[in-house]
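Here are my notes on the model you sent over.

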Amino acid sequence: MKNNDPVRLIIKEKSKYLIFGVAGLIACGLFISTLMLNINSPLICSFAGSRIIMAHTQLEAILHYATSHNVPEQSKAEIKLSYDVLRERAPCNFLVFGLGHDSQMWHAFNQGGKTLFLEEDPKWLKKVLQEAPFLNGKFIKYRTQLSEADELLKSYKFDPDCHPAKGIPLKENEKCKLALNMLPDEVYNTEWDLIMIDAPKGYFAEAPGRMAAIYSAAVMARNRKGSGGTHVYLHDVDRKTEKRYAEEFLCKKNLVKGEGRLWHFLIPPTVNSTATKSYAFC
Ligand SMILES: C[S@@+](CC[C@H](N)C(=O)[O-])C[C@H]1O[C@@H](n2cnc3c(N)ncnc32)[C@H](O)[C@@H]1O
(Lines give C-alpha, C1' and ligand atoms only; values in the text may rest on other atoms or scores of the structure.)
Protein backbone atom coordinates (compact mmCIF):
# COMPACT_ATOMS: atom_id res chain seq x y z
CA MET A 1 0.00 0.00 0.00
CA LYS A 2 2.73 2.31 1.07
CA ASN A 3 4.52 1.68 -2.26
CA ASN A 4 1.67 3.30 -4.18
CA ASP A 5 2.04 6.59 -2.32
CA PRO A 6 2.68 9.09 -5.25
CA VAL A 7 5.13 11.24 -3.18
CA ARG A 8 7.21 8.15 -2.32
CA LEU A 9 7.14 7.01 -5.94
CA ILE A 10 8.52 10.39 -7.12
CA ILE A 11 11.31 10.30 -4.47
CA LYS A 12 12.17 6.72 -5.45
CA GLU A 13 12.31 7.66 -9.14
CA LYS A 14 14.50 10.74 -8.44
CA SER A 15 16.94 8.81 -6.29
CA LYS A 16 17.31 6.29 -9.15
CA TYR A 17 18.43 9.14 -11.45
CA LEU A 18 20.70 10.46 -8.72
CA ILE A 19 22.41 7.06 -8.36
CA PHE A 20 22.84 6.77 -12.15
CA GLY A 21 24.20 10.32 -12.29
CA VAL A 22 26.76 9.76 -9.51
CA ALA A 23 27.80 6.41 -11.05
CA GLY A 24 28.26 8.12 -14.42
CA LEU A 25 30.39 10.88 -12.88
CA ILE A 26 32.61 8.30 -11.11
CA ALA A 27 33.01 6.31 -14.36
CA CYS A 28 33.98 9.48 -16.26
CA GLY A 29 36.46 10.41 -13.53
CA LEU A 30 38.02 6.95 -13.63
CA PHE A 31 38.24 7.05 -17.45
CA ILE A 32 39.94 10.46 -17.50
CA SER A 33 42.39 9.52 -14.72
CA THR A 34 43.26 6.29 -16.60
CA LEU A 35 44.07 8.38 -19.67
CA MET A 36 46.22 10.73 -17.59
CA LEU A 37 48.11 7.83 -16.02
CA ASN A 38 48.57 5.97 -19.30
CA ILE A 39 49.67 8.90 -21.38
CA ASN A 40 51.86 6.50 -23.40
CA SER A 41 49.05 4.14 -24.28
CA PRO A 42 47.76 4.01 -27.85
CA LEU A 43 44.29 4.79 -26.48
CA ILE A 44 45.17 8.43 -26.18
CA CYS A 45 46.08 8.50 -29.88
CA SER A 46 42.80 7.09 -31.12
CA PHE A 47 40.91 9.19 -28.57
CA ALA A 48 42.67 12.30 -29.80
CA GLY A 49 41.97 11.59 -33.47
CA SER A 50 44.34 13.57 -35.65
CA ARG A 51 45.88 15.55 -32.77
CA ILE A 52 49.47 14.59 -32.01
CA ILE A 53 50.01 13.92 -28.33
CA MET A 54 53.55 13.28 -27.16
CA ALA A 55 54.32 10.63 -24.60
CA HIS A 56 55.74 11.86 -21.33
CA THR A 57 59.05 10.10 -22.06
CA GLN A 58 59.36 12.05 -25.32
CA LEU A 59 58.75 15.27 -23.39
CA GLU A 60 61.35 14.13 -20.84
CA ALA A 61 63.82 13.64 -23.71
CA ILE A 62 63.18 17.15 -25.06
CA LEU A 63 63.63 18.61 -21.58
CA HIS A 64 66.79 16.55 -21.07
CA TYR A 65 68.49 17.55 -24.33
CA ALA A 66 67.34 21.18 -24.04
CA THR A 67 68.99 21.53 -20.65
CA SER A 68 72.08 19.34 -21.01
CA HIS A 69 75.54 19.79 -22.51
CA ASN A 70 75.79 16.01 -22.91
CA VAL A 71 74.64 15.34 -26.44
CA PRO A 72 74.86 12.11 -28.47
CA GLU A 73 78.25 11.28 -29.97
CA GLN A 74 76.83 10.42 -33.39
CA SER A 75 76.57 13.33 -35.81
CA LYS A 76 73.21 14.45 -37.18
CA ALA A 77 73.98 12.79 -40.53
CA GLU A 78 74.81 9.51 -38.75
CA ILE A 79 71.70 9.65 -36.53
CA LYS A 80 69.53 10.29 -39.62
CA LEU A 81 70.34 6.80 -40.97
CA SER A 82 68.49 5.09 -38.13
CA TYR A 83 66.01 7.95 -37.58
CA ASP A 84 64.68 7.55 -41.13
CA VAL A 85 64.13 3.79 -40.66
CA LEU A 86 62.54 4.30 -37.24
CA ARG A 87 60.14 6.86 -38.74
CA GLU A 88 58.96 4.03 -41.02
CA ARG A 89 59.11 1.04 -38.67
CA ALA A 90 58.32 2.41 -35.19
CA PRO A 91 56.81 1.13 -32.98
CA CYS A 92 59.20 -1.76 -33.43
CA ASN A 93 61.83 -3.85 -31.63
CA PHE A 94 65.08 -1.92 -31.24
CA LEU A 95 68.14 -3.47 -29.59
CA VAL A 96 70.91 -1.07 -28.60
CA PHE A 97 74.36 -2.11 -27.45
CA GLY A 98 75.41 0.41 -24.82
CA LEU A 99 73.84 3.19 -22.81
CA GLY A 100 75.04 6.68 -23.59
CA HIS A 101 73.99 10.24 -24.09
CA ASP A 102 71.98 9.03 -27.06
CA SER A 103 69.76 6.59 -25.12
CA GLN A 104 66.82 8.91 -24.40
CA MET A 105 66.84 9.88 -28.05
CA TRP A 106 66.66 6.26 -29.31
CA HIS A 107 63.89 5.52 -26.82
CA ALA A 108 61.90 8.58 -27.92
CA PHE A 109 62.28 7.71 -31.63
CA ASN A 110 60.71 4.30 -30.98
CA GLN A 111 57.71 5.48 -28.97
CA GLY A 112 55.37 2.61 -28.13
CA GLY A 113 57.91 0.00 -29.28
CA LYS A 114 60.42 -2.11 -27.39
CA THR A 115 63.84 -0.46 -26.98
CA LEU A 116 66.32 -2.48 -24.96
CA PHE A 117 69.81 -1.30 -23.96
CA LEU A 118 72.61 -3.74 -23.10
CA GLU A 119 75.30 -2.18 -20.90
CA GLU A 120 78.63 -3.59 -19.73
CA ASP A 121 79.42 -1.04 -16.99
CA PRO A 122 77.21 -1.50 -13.88
CA LYS A 123 78.02 1.92 -12.39
CA TRP A 124 77.22 3.71 -15.63
CA LEU A 125 74.03 1.65 -16.01
CA LYS A 126 72.89 2.69 -12.51
CA LYS A 127 73.67 6.35 -13.17
CA VAL A 128 71.79 6.46 -16.49
CA LEU A 129 68.76 4.63 -15.08
CA GLN A 130 68.63 6.98 -12.09
CA GLU A 131 68.32 9.90 -14.49
CA ALA A 132 65.92 8.13 -16.86
CA PRO A 133 64.19 5.25 -15.02
CA PHE A 134 61.83 4.66 -17.95
CA LEU A 135 64.70 3.25 -20.06
CA ASN A 136 64.97 -0.53 -20.28
CA GLY A 137 68.66 -1.12 -19.59
CA LYS A 138 70.23 -4.48 -18.69
CA PHE A 139 73.73 -5.32 -17.49
CA ILE A 140 75.67 -7.81 -19.61
CA LYS A 141 79.12 -9.34 -19.23
CA TYR A 142 81.26 -10.05 -22.28
CA ARG A 143 83.55 -13.08 -22.69
CA THR A 144 86.04 -11.39 -25.02
CA GLN A 145 88.79 -8.78 -24.95
CA LEU A 146 89.79 -6.52 -27.81
CA SER A 147 93.31 -8.02 -27.69
CA GLU A 148 91.78 -11.34 -28.92
CA ALA A 149 90.11 -9.81 -31.98
CA ASP A 150 92.62 -10.95 -34.61
CA GLU A 151 92.90 -14.47 -33.22
CA LEU A 152 89.11 -14.91 -32.96
CA LEU A 153 88.65 -13.77 -36.54
CA LYS A 154 91.02 -16.53 -37.70
CA SER A 155 90.00 -19.33 -35.31
CA TYR A 156 86.21 -19.12 -35.74
CA LYS A 157 86.62 -20.61 -39.23
CA PHE A 158 87.95 -23.83 -37.67
CA ASP A 159 85.31 -23.94 -34.93
CA PRO A 160 82.06 -25.48 -36.25
CA ASP A 161 80.20 -24.10 -33.21
CA CYS A 162 80.69 -20.63 -34.69
CA HIS A 163 79.50 -21.61 -38.17
CA PRO A 164 76.16 -20.21 -39.33
CA ALA A 165 75.45 -23.45 -41.22
CA LYS A 166 75.25 -25.29 -37.87
CA GLY A 167 72.44 -22.99 -36.76
CA ILE A 168 73.29 -23.22 -33.03
CA PRO A 169 71.06 -20.83 -31.05
CA LEU A 170 73.12 -18.06 -29.43
CA LYS A 171 71.80 -18.86 -25.97
CA GLU A 172 73.04 -22.44 -26.07
CA ASN A 173 76.36 -21.68 -27.68
CA GLU A 174 78.87 -22.06 -24.87
CA LYS A 175 81.80 -23.07 -27.07
CA CYS A 176 81.88 -20.26 -29.63
CA LYS A 177 83.38 -17.29 -27.79
CA LEU A 178 81.91 -14.86 -30.30
CA ALA A 179 78.37 -15.93 -29.42
CA LEU A 180 76.71 -13.81 -26.73
CA ASN A 181 75.20 -16.73 -24.81
CA MET A 182 74.60 -14.89 -21.51
CA LEU A 183 72.07 -12.26 -22.56
CA PRO A 184 68.72 -11.71 -20.80
CA ASP A 185 66.05 -14.08 -22.20
CA GLU A 186 64.18 -11.03 -23.49
CA VAL A 187 66.90 -10.65 -26.13
CA TYR A 188 66.56 -14.23 -27.44
CA ASN A 189 62.76 -14.17 -27.26
CA THR A 190 62.39 -11.03 -29.37
CA GLU A 191 62.82 -10.63 -33.09
CA TRP A 192 64.74 -7.36 -33.48
CA ASP A 193 63.90 -4.96 -36.31
CA LEU A 194 66.87 -2.68 -35.65
CA ILE A 195 70.15 -3.34 -33.87
CA MET A 196 72.49 -0.46 -32.99
CA ILE A 197 76.07 -1.43 -32.13
CA ASP A 198 77.79 1.51 -30.46
CA ALA A 199 79.23 -0.48 -27.55
CA PRO A 200 80.88 -2.15 -25.74
CA LYS A 201 84.10 -0.20 -25.42
CA GLY A 202 86.65 -1.14 -28.03
CA TYR A 203 89.48 1.36 -27.73
CA PHE A 204 91.94 -0.38 -25.37
CA ALA A 205 93.32 -3.92 -25.26
CA GLU A 206 91.45 -5.13 -22.13
CA ALA A 207 88.09 -3.69 -23.28
CA PRO A 208 85.53 -6.29 -24.50
CA GLY A 209 85.61 -4.97 -28.07
CA ARG A 210 82.63 -5.18 -30.43
CA MET A 211 83.52 -8.58 -31.96
CA ALA A 212 80.83 -10.59 -30.13
CA ALA A 213 78.19 -7.89 -30.58
CA ILE A 214 78.79 -7.85 -34.35
CA TYR A 215 78.86 -11.66 -34.67
CA SER A 216 75.71 -12.07 -32.51
CA ALA A 217 73.82 -9.33 -34.35
CA ALA A 218 74.58 -11.17 -37.61
CA VAL A 219 73.27 -14.45 -36.13
CA MET A 220 70.10 -12.80 -34.81
CA ALA A 221 69.45 -11.14 -38.18
CA ARG A 222 70.00 -14.36 -40.13
CA ASN A 223 67.61 -16.23 -37.80
CA ARG A 224 64.80 -13.74 -38.31
CA LYS A 225 61.49 -15.46 -39.07
CA GLY A 226 59.31 -12.39 -39.65
CA SER A 227 58.99 -10.48 -42.88
CA GLY A 228 61.72 -8.12 -44.06
CA GLY A 229 65.32 -7.90 -42.99
CA THR A 230 67.09 -6.60 -39.91
CA HIS A 231 68.63 -3.14 -39.95
CA VAL A 232 72.03 -3.27 -38.26
CA TYR A 233 74.00 -0.10 -37.51
CA LEU A 234 77.66 -0.18 -36.53
CA HIS A 235 79.52 2.85 -35.21
CA ASP A 236 83.28 3.50 -35.19
CA VAL A 237 83.96 1.72 -38.49
CA ASP A 238 87.08 3.86 -38.82
CA ARG A 239 88.63 1.36 -36.39
CA LYS A 240 90.33 -1.79 -37.74
CA THR A 241 88.37 -4.34 -35.67
CA GLU A 242 84.91 -2.88 -36.32
CA LYS A 243 85.66 -2.67 -40.06
CA ARG A 244 87.05 -6.20 -40.41
CA TYR A 245 84.31 -7.84 -38.31
CA ALA A 246 81.64 -5.93 -40.24
CA GLU A 247 83.03 -7.16 -43.54
CA GLU A 248 83.26 -10.74 -42.25
CA PHE A 249 79.84 -11.06 -40.56
CA LEU A 250 77.54 -8.23 -41.74
CA CYS A 251 78.80 -8.36 -45.36
CA LYS A 252 79.57 -5.55 -47.79
CA LYS A 253 76.75 -6.74 -50.06
CA ASN A 254 74.27 -5.89 -47.26
CA LEU A 255 75.65 -2.38 -46.78
CA VAL A 256 72.89 0.14 -47.43
CA LYS A 257 74.75 3.34 -46.67
CA GLY A 258 77.68 4.76 -44.77
CA GLU A 259 77.78 8.16 -43.14
CA GLY A 260 80.74 9.48 -41.16
CA ARG A 261 81.83 6.62 -38.89
CA LEU A 262 78.52 4.72 -39.16
CA TRP A 263 77.60 1.84 -41.46
CA HIS A 264 74.00 0.77 -42.05
CA PHE A 265 73.34 -2.84 -43.13
CA LEU A 266 70.07 -4.50 -44.06
CA ILE A 267 70.55 -8.20 -43.39
CA PRO A 268 68.17 -10.69 -44.98
CA PRO A 269 67.17 -13.91 -43.19
CA THR A 270 69.26 -17.06 -43.81
CA VAL A 271 66.93 -18.45 -46.45
CA ASN A 272 68.37 -15.89 -48.85
CA SER A 273 71.98 -16.78 -48.04
CA THR A 274 74.29 -17.32 -51.01
CA ALA A 275 77.42 -18.26 -49.00
CA THR A 276 79.21 -21.38 -50.22
CA LYS A 277 81.59 -22.20 -47.33
CA SER A 278 80.08 -23.59 -44.12
CA TYR A 279 81.79 -20.95 -41.95
CA ALA A 280 80.98 -18.02 -44.24
CA PHE A 281 78.40 -15.41 -43.36
CA CYS A 282 78.69 -13.51 -46.64
C1 LIG B 1 81.48 3.93 -26.90
S2 LIG B 1 80.32 4.70 -25.94
C3 LIG B 1 79.11 5.27 -27.07
C4 LIG B 1 78.46 6.47 -26.54
C5 LIG B 1 77.14 6.82 -27.17
N6 LIG B 1 77.08 6.64 -28.58
C7 LIG B 1 76.75 8.24 -26.82
O8 LIG B 1 76.33 8.98 -27.70
O9 LIG B 1 76.86 8.59 -25.65
C10 LIG B 1 79.49 3.34 -25.25
C11 LIG B 1 79.97 2.87 -23.91
O12 LIG B 1 80.81 3.78 -23.27
C13 LIG B 1 80.51 3.85 -21.88
N14 LIG B 1 80.14 5.22 -21.57
C15 LIG B 1 79.57 6.09 -22.39
N16 LIG B 1 79.46 7.30 -21.80
C17 LIG B 1 79.98 7.18 -20.58
C18 LIG B 1 80.17 8.07 -19.50
N19 LIG B 1 79.80 9.35 -19.58
N20 LIG B 1 80.73 7.60 -18.39
C21 LIG B 1 81.12 6.30 -18.31
N22 LIG B 1 80.97 5.41 -19.32
C23 LIG B 1 80.41 5.84 -20.43
C24 LIG B 1 79.41 2.86 -21.60
O25 LIG B 1 79.94 1.65 -21.11
C26 LIG B 1 78.80 2.64 -22.98
O27 LIG B 1 78.28 1.37 -23.15
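Predicted model: local features only at pLDDT ≥ 70, side-chain atom pairs only at ≥ 80, totals over all residues.

1. Seven strands make up an open sheet with mixed pairing, and the order across it is S3-S2-S1-S4-S5-S7-S6. Strand S3 (136-139) and strand S6 (255-259) sit at the edges, each pairing on one side only. Ignoring direction, neighbouring strands of this sheet are turned by 15° against each other on average. In general, strands of a sheet pair through backbone hydrogen bonds, and they can do so parallel or antiparallel.

2. S6 and strand S7 (residues 262-267) run antiparallel and are joined by four bridges.

3. Next, a helix pair. Helix H9 (residues 211-222) packs with helix H10 (residues 240-250) at an angle of about 20°, and their axes are 9 Å apart. Angles under 35 degrees count as roughly parallel, so H9 and H10 are roughly parallel to each other. Their crossing is right-handed. On the H9 side the contact uses Met211, Ile214, Tyr215 and Ala218, and these meet Thr241, Tyr245, Ala246, Phe249 and Leu250 in H10. Sorted by class, that contact of H9 with H10 has eight nonpolar residues, one polar and no charged ones.

4. Which residues come nearest to the ligand? Of the 16 around it, the answer is Glu73, Gly98, Gly100, His101 and Ala199. The shell around the ligand divides into seven charged, five nonpolar and four polar residues.

5. Ala199 turns up again in the backbone checks: a cis peptide bond joins alanine 199 to proline 200, with omega about 5°. Proline 200 is in the loop between strand S4 (194-197) and H9. Another cis peptide bond joins alanine 90 and proline 91, where omega is about 0°. You'll find proline 91 in the loop between helix H4 (76-89) and strand S1 (93-97).

6. Aspartate 236 is not a glycine, yet it has a positive phi of about 70°. Look for aspartate 236 in the loop between strand S5 (230-235) and H10.

Technical notes: Residues numbered from 1 in each chain as written. Axes fitted to C-alpha atoms, helices over the stretch in contact; angles between N-to-C directions. Helix = DSSP H or I, 4+ residues; strand = E, 2+ residues; numbered from the N terminus. Parallel < 35°, antiparallel > 145°, perpendicular 65-115°, else oblique. Left-handed = near helix turned anticlockwise from the far one by under 90°. Contact = placed C-beta atoms within 7 Å. Nonpolar A, V, L, I, M, F, W, Y, C, P; charged D, E, K, R; others polar. Near = placed C-beta within 6 Å. Pairing = 2+ DSSP bridges.
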